[in-house]
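Here is a short report on a set of chains and how they pack. Start with the structure itself, then read on.

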Amino acid sequence: MIVTFDIIILVFLVIAAIISLSVKDLLAAAMIFGIYGFLICLLWAEMGAVDVAFTEATVGAGVSTVLIVATILNTRRKSTD
Amino acid sequence: MKAKIFASIAVAITGAVLLYAVTDFPRFGDPRSPANAGIGGGSPSASLYYIENTYRDTKVPNLVTAILADYRGYDTMFETVVILTAGMSIFAILRVLRRDDASGAPDPAPASSDPSIDGDHHRIIVGTTCRIAAPLIQIFALYVVAHGHHSPGGGFQGGVMLGASFILIALSGSLRDTLVRFGEQQYLRLAFIGILIYAGFGFLPLWVGRNFLDYGALSGLLMTSGEEMARSHSMLGVEIGVAMTVMSIMFAIFANLSTRGRLRGGL
Amino acid sequence: MQPFFQEAVIPHFNFWIYVIIMMVGLWSVIAKNNLIKKLIGLSIFQTAILLLYVSLGVKEGATIPVLDHHALTESSPTESSEGPGKKAHAINPDHYANPLPHVLMLTAIVVGVATLGVALALTQMIYKDFGTIEEDEVLNQIKALHDDV
Amino acid sequence: MSDHYPALVLLAPLFGALVIGLFGLRDHRVCLPVVISALGVSLLAAISLVLGVSSGGPIDYFVAGWKEPIGIGIQLRADAINTPLLVVIAIVALLAGIFSIRPAAERDSEKTPYFYVLFLLLCVGLFGITITADAFNVFVLIEVTALSSYGLVAIGHSKRGKVAAFHYLIMGTVGASFYLLGVGYLYLKLGSLNMQDIHAILASDDALADSRAIRTAFVFILVGIWTKMAFFPLHGWLPNAYSYSPSGSAALLAPLVTKVSVYVMVRMMVSVFGLDRLEANVEWGHFVVWLAIIAIAAGSTMALAQREIKKMLCCLIVAEVGYMVGGAWLGDPQRWGLTGTVFHILADALMTSCLFLAAGIFAKWLGALKLEDLSGLFRKMPLTAAGFVVGGLAIIGVPPTCGFYSKFYLIRGCIESGQWTYVVALLASSLVNAVLFFRIFEIAYFGKKTADSHGGDHGQDHESEPIVRLEPPLHTLIPLLVAAALLVLLGLFNGPVVEFIRTGLIETDAVVSTGR
């Protein structure tokens with residue numbers, strides 16, 4: 001565990017979460033959600049939870065984003081909020 | 001607007017309660033905190049027991065794999081069942097079976113289809129690259145499943161990667177070609193067989209009078225040198241079951257979501 | 001303010017951030033109108049709980065919870081001759097992160113993606129039936145449906 | 001095999017689901033025999049557990065044999081509180097399974113196997129939640145239950161069912177996450193996930209048990225479980241989710257899912273936090289009982305306003321959840337309130353099952369969705385009507401049925417703890433139930449087809465409308481009649497059941513409180 005690294009990632013994490021929830025373009029929101037997933041994966045790795053990081057990288061950042069994108073392409077891309 | 005005010009109030013209350021509790025927490029990173037070292041006195045905490053005795057009990061150096069597949073294997077079995085349940089739920093909700101197709105009202109067309117993204121000339125490069133990458137991903141995924149005892153990895157990670165390799169092929173080329181090779185009947189069957197492997201490994205010890213999931217009882221069947229090695233080998237078997245289910249369901253979820261349950265066309 | 005930070009915030013930094021992320025997620029689950037936005041909020045809400053669990057398993061100066069092969073090979077002879085009591089001293093628990101929260105969170109991640117998949121399937125069906133994924137429009141249509149009957 | 005009943009109870013439906021998945025997805029005829037045999041095995045195992053517990057006390061089962069030190073493996077525990085519930089779950093699921101063989105997915109029968117796979121997985125989850133003694137395991141199984149119920153709610157073609165399922169999903173996930181958060185706080189302060197272990201630590205250390213983190217943990221676990229059981233301010237998802245789901249799903253979900261959540265709350269109170277601890281904080285108990293009174297009032301009021309049968313029954317569930325939560329928190333020293341709650345869980349599961357089976361028959365064979373559509377029910381379907389009447393009488397609380405006795409024990413608990421407002425709420429709500437159901441009975445018995453034909457019901461019968469017997473086929477009728485018969489039987493034999501539960505409760509409390 002490296003404290004500075006920890007704090008930097010945590011701050012980015014909050015920023016990524018807020019941006020992904022506030023952009024109006026859903027595809028962009030999904031992509032930033034993917035970034036959020038990768039950041040949190042880094043955070044797990046940094047905290048020593050390598051197995052969780054591995055799972056997060058494949059599930060959280062990979063498959064979740066693909067599923068959201070698949071749904072957006074089948075519905076609509078614009079959001080009112 | 002009403003929802004926003006309500007949300008702000010709910011969030012404020014919840015956050016206040018959570019922060020009220022946070023000040024009572026042990027220091028971040030404290031090796032002597034109750035979660036890490038137990039409450040002191042009485043029996044040792046589970047966490048310490050795992051770190052000290054896992055290798056003796058199971059001969060598996062990766063503690064997470066050992067706990068996941070053996071000590072708390074019951075949880076993991078239901079975790080796999082959760083995946084299966086999700087797959088079945090998505091089928092129940094989304095899958096369009098045969099004759100319904102014509103009778104239903106026409107769908108509203110996806111509003112976001114953007115013709116400029118499409119274009120076959122992109123597909124050649126992307127498709128070829130993905131076709132080359134897919135087998136490598138699959139080999140690595142198998143390695144992750146098999147090597148989960150000694151390094152990070154295991155059934156879930158490997159299974160998701162295997163599923164992702166099929167998703168990649170489907171994304172780069174066409175879903176139809178992927179479904180020809182890995183069809184609906186096959187992946188559904190694999191998903192159920194995966195859980196059957198897990199539950200089967202759990203069920204076998206019952207015949208020799210041991211408890212459910214007690215892999216130590218399988219040392220005779222697996223012809224291993226002792227109960228520890230039987231646990232180690234059974235964990236591998238269990239992880240393979242998990243990987244099969246996770247792979248199939250991940251691909252099934254993608255295939256259904258990307259085609260609105262029709263398994264035709266694709267993104 | 002200074003002592004408050006030193007006593008309440010700095011030692012629990014991860015926990016403060018987890019509360020913030022969780023509240024961001026919860027707020028958007030309740031307040032957002034778009035169904036997919038709600039689901040992204042829900043996923044963020046769930047990862048905040050993972051952050052809590054993983055944070056409480058961290059030990060200062062500890063490594064990942066995979067046992068060191070050298071330590072194991074050196075200690076294995078003593079184990080066979082002198083029994084498990086001796087072995088307990090060969091591995092120092094302070095050197096390895098607490099593996100139990102990691103195991104629990106692997107389960108929670110998988111549960112999260114399963115829930116997300118089902119929710120996205122429902123979203124597609126709602127779009128098919130109502131032609132929109134904005135919650136207020138869906139509710140208005142339902143109201144109109146109800147008034148007709 | 002006899003030692004393995006705690007595991008067999010839920011393994012049987014799991015293997016059943018796998019068999020349907022492997023052999024039954026193309027062939028519907030496999031489904032029903034598999035469902036019946038799987039749940040039959042569960043029922044037998046559950047009955048054996050009841051017998052075992054009544055003769056030899058609680059049965060512990062250590063999965064994978066990890067017994068010592070406590071808490072490294074996962075423990076299953078069958079005791080007097082959960083074994084009767086296991087039996088009731090098996091019975092209700094069996095009835096719903098037989099009932100839904102055709103209505104399962106009316107319009108596309110290709111989905112029937114998927115329905116049954118989800119059905120059995122839901123049963124696995126419910127059995128698992130009931131029998132486990134590990135706080136985290138409860139979360140995993142709650143999610144198995146939840147994900148299968150989202151599928152079961154949305155499997156039909158109702159447009160509103162999809163929206164209802166989406167709301168259910170959001171609420172359910174937030175509720176389960178709150179539960180997980182609470183368990184995380186417990187783990188953080190105590191380092192254990194095993195319920196007995198947690199209880200022993202809390203009982204031995206008062207300062208720790210009163211610390212802020214533990215209190216917060218308890219609050220979050222409660223709020224999470226309340227969301228799952230649709231306790232009043234958090235009930236929003238329930239009425240739509242259950243009334244727009246297919247009849248077969250509703251007959252399984254409505255009786256069981258909320259009741260099992262109530263059971264989780266009771267389990268948390270009895271075997272995790274300990275009743276003494278709760279009694280030490282009397283003001284919490286009073287607060288929750290007041291919430292329960294509000295829930296009962298709100299549920300009854302909403303039920304009065306409904307014109308649709310299923311919606312009305314759903315609102316009654318909200319009121320019934322209020323009974324159970326209130327009863328559990330009465331805190332009388334003789335444990336009558338808690339006993340009444342546990343007994344009411346059983347009784348209410350059967351009552352709701354009976355009523356929803358009847359509502360399913362009305363919807364399927366009469367096309368009746370509103371109260372007015374039931375006119376002439378007694379002439380068209382005398383047997384179905386009889387079953388429905390028994391269910392209605394039970395929920396009102398008329399003596400030979402079990403509804404009367406559960407309310408009797410709840411009220412006894414109130415009197416001993418002096419919570420008179422709760423007694424008033426209980427009685428007023430019973431009165432509302434009576435009004436509701438006698439209104440339905442009136443419509444069903446004297447119901448007139450047209451509003452202006454006053455007088456001469458008999459004349460109308462003979463002249464304008466020939467009596468058509470529309471009694472539904474046996475596979476739907478039998479479950480209803482069995483449920484009705486069980487309501488009466490459970491009422492007649494309430495004595496031993498209540499005694500079994502109450503001694504179990506007092507023993508659990510006494511054994512665990514003496515420390516580790």
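## Where chain B meets chain A

In this predicted model, 21 residues of chain B are in contact with 19 residues of chain A. Two elements of chain B, α8 (155-172) and α12 (227-258), each give two or more residues to the side that touches chain A. The largest share comes from α8(B), with six residues.

What classes of residue make up the side of chain B that touches chain A? There are 14 nonpolar, six polar and one charged.

## Chains A and C

Chain A has three helices and zero strands. Along the sequence the pattern reads α-α-α. Its C-alpha atoms fill a box of roughly 40 × 20 × 10 Å along the principal axes. Of its 81 residues, 60% count as buried. Take the contacts in chain A between residues at least 6 apart in sequence: 56% of them join residues at least 24 apart.

Chain C has seven helices and zero strands. From the N terminus on, its elements run α-α-α-α-α-α-α. Chain C holds 149 residues, and 60% of them count as buried. Among its contacts with a separation of 6 or more, 64% are between residues 24 or more positions apart.

## Helix α1 of chain B

Helix α1 of chain B covers residues 2-22. How far apart are its end C-alpha atoms? They are 30 Å apart, which agrees with the 30 Å that 21 residues should span at 1.5 Å a residue.

Four residues of α1(B) are buried: B:V11, B:L18, B:A21 and B:V22. They cover an arc of only 95° around the axis, so they sit on the same side of α1(B). The face turned away from that buried side carries exposed residues. These are B:K2, B:I5, B:F6, B:I9, B:A12, B:I13 and B:A16.

What do the buried residues of α1(B) pack against? Their partners come from two other chains: α2 (13-31) of chain C, plus α6 (159-190) and α9 (212-229) of chain D.

## Where chain D meets chain B

The contact between these chains takes 58 residues from chain D and 51 residues from chain B. On the chain D side, six elements each supply at least two residues: α1 (5-24), β1 (59-62), α4 (112-131), α5, α6 and α9. Of these, α5(D) gives the most, with eleven residues.

By class, the side of chain D that touches chain B has 38 nonpolar, 13 polar and seven charged residues.

## A helix pair in chain D

Two packed helices are described by the angle between their axes and the distance between the axes. Helix α5 of chain D spans residues 135-154. Its axis and that of α6(D) come within 10 Å and cross at roughly 180°. Angles over 145 degrees count as roughly antiparallel, so α5(D) is roughly antiparallel to α6(D).

Which residues of α5(D) meet α6(D)? They are D:A135, D:F136, D:F139, D:I142, D:E143, D:A146, D:Y150, D:V153 and D:A154. The α6(D) residues they meet include D:G161, D:K162, D:Y168, D:L169, D:G172, D:Y179 and D:L186. Over both helices, the residues of this contact divide into 17 nonpolar, two polar and two charged.

Terms used: Residues numbered from 1 in each chain as written. Chains lettered and ligands numbered in written order. Predicted model: local features only at pLDDT ≥ 70, side-chain atom pairs only at ≥ 80, totals over all residues. Expected span 1.5 Å × (residues − 1). Buried ≥ 20, exposed ≤ 12 C-beta atoms within 10 Å, placed from the backbone. Arc of directions from axis to C-beta. Contact = placed C-beta atoms within 7 Å. Axes fitted to C-alpha atoms, helices over the stretch in contact; angles between N-to-C directions. Parallel < 35°, antiparallel > 145°, perpendicular 65-115°, else oblique. Nonpolar A, V, L, I, M, F, W, Y, C, P; charged D, E, K, R; others polar.
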